[in-house]
Amino acid sequence: MARAVSLIRSASLSDVAEYAYAATAPANARLIFLAGACPLNADGSTAAVGDYAGQAAKALENLRTALADAGAELTDVISTRVLVASQRQADLVTAWQVVRDGFGDHDVPSTLMGVTVLGYDDQLVEIESVAAVLD
């Protein structure tokens with residue numbers, strides 16, 4: 001199946017970043033704007049309280065579900081923003097590594113941000129994303 005997302009890597013920028021610096025989708029692609037995927041269980045409770053990696057994994061699982069419900073999958077994601085409630089860079093890196101590993105070779109343009117607080121009790125991680133599909 002043809003994919004809508006084309007990842008663009010820049011030889012002019014540092015190769016230290018673990019993601020493509022840009023991505024495109026053709027004009028006929030259907031864009032899917034996803035709400036931030038949160039580390040919530042089906043009953044609404046927060047999963048993996050106090051565990052950055054555990055919350056990143058649950059948020060990624062919920063992202064996969066939301067994508068599937070919209071007719072897409074991780075390889076259709078065109079960009080992400082990973083929000084981590086911490087002032088410690090190590091906590092951001094812990095969450096990022098789970099998200100990065102989850103996306104595998106589909107290393108979409110991403111932003112990793114430390115924030116003061118997120119919306120749910122005990123929430124530490126949230127993953128925003130946009131996807132593009134060809135119908």
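Glu-61 is partly exposed, with a relative accessible area of 41%, where buried means under 20%, exposed over 50% and partly exposed in between, using a 1.4 Å probe and protein chains only. This is a predicted model, in which local features need pLDDT of at least 70 and side-chain atom pairs count only at pLDDT 80 or more, while totals for chains, interfaces and linings use all residues. Residues are numbered from 1 along each chain as its sequence is written, and side-chain values use heavy atoms, with hydrogens and water left out.

Glu-61 meets Lys-58 in a salt bridge (3.1 Å, N to O), that is, a side-chain nitrogen of Lys or Arg within 4 Å of a carboxyl oxygen of Asp or Glu. Both residues belong to helix α1, where they are 3 residues apart and so separated by about one helical turn; helices here are DSSP runs of H or I with at least four residues, strands are runs of E with at least two, and both are numbered from the N terminus. Lys-58, at 15% relative accessibility, counts as buried.

The whole structure holds 7 salt bridges. In one of them Arg-3 pairs with Glu-73, their closest N and O atoms lying 2.7 Å apart. Because Arg-3 lies in the segment before β1 (6-8) and Glu-73 in the loop between α1 and β4, this pair ties together parts that are 70 residues apart in sequence.
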